[in-house]
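User: Please take a close look at the ligand site in this structure. Then place that site within the chain around it.

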Amino acid sequence: SFDTAAIKNNIIAHEKQGFVYTYGTAGFRSNAEVLGSVMYKVGILATLRSKKLNGSTIGVMITASHNPEEDNGVKLVDPRGEMLEQSWEVYATKLANANDGETLLNAIDEIVAQYKIDLDIPANVIYAYDTRPSCPHLVKCLEQGLEAAGAKSTNFGLKTTPMLHYLVRCINTAGTNDAYGEATEEGYYKKLTAAFATAVKGKPRLSTLHVDCANGVGAPKLRELLKFIAPEILSVDIVNEDTTTVGQLNKNCGADFVKTNQRAPPSITITAGDRCCSYDGDADRIVFYYVTEDGTFRLLDGDKIAGLAASFITELVHEAGIDSIKVGVVQTAYANGSSTNYLTKVLSVPVSCVSTGVKHLHHEAEKYDVGVYFEANGHGTVLFSPDALNTIKTVEAKTPAQKQAIAQLSALTELINQTVGDAISDMLLVEAILTSRQWSFEEWDQAYTDLPNRLVKVVVSDRHIFKTTNAERQLVEPAGLQAEIDSLVAKYSNGRSFVRASGTEDAVRVYAEAATRAETDDLAFKVAQLVY
Ligand code: 16G
Ligand code: ZN
């Protein structure tokens, strides 16, 4: 039961006085040393969230994704495998900052009153964690909170972030019409690999895909998944799978390294014809890359994945004779201008632009029959609306070609992790499309050419004074700054630039793109000077 005396007495003291916790874009995230006290509170919060939702299972994931190994973090997963409902974030923040038992109980009372929570409803929570050395300690702190709050909880152990999202949805939909799958790690592997086999049926296998797992949890999990796929249909070579040597996680490897540095990890020797991709530390992001004959590095990022997926699904929907299903794409301001142009002008699909952060993209994508969403950094997935799923399931084929298209669409709905972006699932999606089309990376890359772009991080004294509008594409504060940026941008051909405060780091980010590399760098530099 919910034991207020225990909650008060077992509180874990703040590790560092004066440290302010914020439930941000991706939950709480910071150096792991200050997070024990937060985990305790998160255990209580997850319990309250479950009670509020009539005992539905809530997920807790301990990870700091692509951050350095000494960091850690935690986020809550809602019953359908989505991110925690946004209105709860401020309460999460309040709980985390309560520094003594009395303040904590007051913060809890406030949540209980605000959401009219019946504390007698039994709570269910599941949790998992990545490979960081700080996880075992933080798990204990979380358990201390769950225990004090009286939740029924299950430790799912080492998992990728998207696996935990999958498990939460499976548990909550079990036995219903939209049961999502078997709530086990094996169930996840079986669902994805069976769908992959169907999607590539009858097509020759592609060459080996080299997968950089960032020395993180993606490595052991991908290895496990491969046991369920015949080597005749997928050939994978795992690189950077050292999850035991301290200091290796995300170090000079992984999706964030590749996207930021626009080059392959030094640990991979890559020659023309090689096909490579990189996961991030918790395997919810992926980017692909190759080098051309003349040795030029070519990145196939989230925008390229979105373009590939949107074109393939649009084509299948048409071949299946179900054009009533409308495909749409959701991007952020970081999407390369060329990708937006390709989607709207060449594919003629609607594109919406939203603020950075998965929760924003996900909810916008739900508005389409088939919503493809990807951040340029490689996080994304595809959502099929209940109506679209139903149409795909029930439509009757009139020709063998239609039958084939319907079977493939149906396989994609199983292959794609629709709860959140998933490096393993997205990898299989891309491989399924490329296998189906018998395309090389070069052919995929032909769709459009990225405009040169530059992302600059500027450390300022107070990033909170930077307020944006229009999906972060324009500043409203500090007053006058946007006008100055606009007049700079006007001087460059195909110029575009915007400034926003980071949600994960104490800094401001400047993005710029223009027709040439020199113009882009110049624009980024000048805008950064305005901000500084
Ligand atoms: C978080 C977000 C990611 C976003 C990034 C932006 C989630 C799960 N993750 O990692 O989607 O791209 O923040 O970071 O929402 P920034 O605010 O520091 O630019
Ligand atoms: Zn991640």
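Analyst: The ligand site comes next, followed by its setting and some local details.

This is a predicted model, in which local features need pLDDT of at least 70 and side-chain atom pairs count only at pLDDT 80 or more, while totals for chains, interfaces and linings use all residues. Residues are numbered from 1 along each chain as its sequence is written, and chains are lettered from A and ligands numbered from 1 in the order in which they are written.

Start with the shell. Ligand 1 is surrounded by 13 residues. A residue is near a molecule if its C-beta atom, placed from the backbone, lies within 6 Å of it. The closest are Ala26, Val358, Ser502, Gly503 and Thr504. By class, the shell holds 2 nonpolar, 8 polar and 3 charged residues. Here Ala, Val, Leu, Ile, Met, Phe, Trp, Tyr, Cys and Pro count as nonpolar; Asp, Glu, Lys and Arg count as charged; the others, Gly among them, count as polar.

Domain 3 (302-445) and domain 4 (453-531) both give residues to this shell, so ligand 1 lies between them. The domain bounds come from an automatic or database domain assignment.

Across their boundary, 9 residues of domain 3 are in contact with 10 residues of domain 4. Contact means that the C-beta atoms of two residues, placed from the backbone, lie within 7 Å. The side of domain 3 that touches domain 4 has 4 nonpolar, 5 polar and no charged residues.

Helix α10 covers residues 302-319. Helices (H or I, at least four residues) and strands (E, at least two) are DSSP runs, numbered from the N terminus. The 18 residues of α10 reach 26 Å from first C-alpha to last, close to the 26 Å expected at 1.5 Å a residue. That expected span is 1.5 Å times one less than the number of residues. α10 is mostly covered, with 14 of its 18 residues buried. A residue is buried if 20 or more other C-beta atoms lie within 10 Å of its own, exposed if 12 or fewer, and partly exposed in between, with C-beta atoms placed from the backbone. Just after α10, Gly321 takes a positive phi of about 75°.

The peptide bond from Glu477 to Pro478 is cis, with omega near -5°. Pro478 sits in the loop between β17 (474-477) and α17 (481-489). Asp522 belongs to helix α18 (residues 517-531). Asp522 is partly exposed, having 18 other C-beta atoms within 10 Å. Its C-alpha atom is 9.1 Å from that of Ala512, 10 residues apart along the chain.

The buried residues of α3 (residues 89-97) are Ala92, Lys94, Leu95 and Ala96. α2 itself is mostly covered, with 17 of its 17 residues buried. Its span is 25 Å from first C-alpha to last, close to the 24 Å expected. Asn54 follows α2 and has a positive phi, near 60°.

Two further positive phi values fall in loops. Ala214 has phi near 60° and lies between β6 (209-212) and α8 (218-226). Ala214 is buried, with 35 other C-beta atoms within 10 Å. Asn252 has phi near 50° and lies between β7 (236-239) and α9 (255-261). Asn252 counts as partly exposed, with 13 C-beta neighbours inside 10 Å.

Last, the whole chain. The protein chain has 18 helices and 19 strands. Its radius of gyration is 23 Å, close to the 24 Å that the globule rule gives for 532 residues, so the chain is as compact as a globular protein of that length. The radius is taken over C-alpha atoms, and the rule is 2.2 Å times the number of residues to the power 0.38. Of the 532 residues, 49% count as buried. Among contacts with a separation of 6 or more, 72% join residues 24 or more positions apart.
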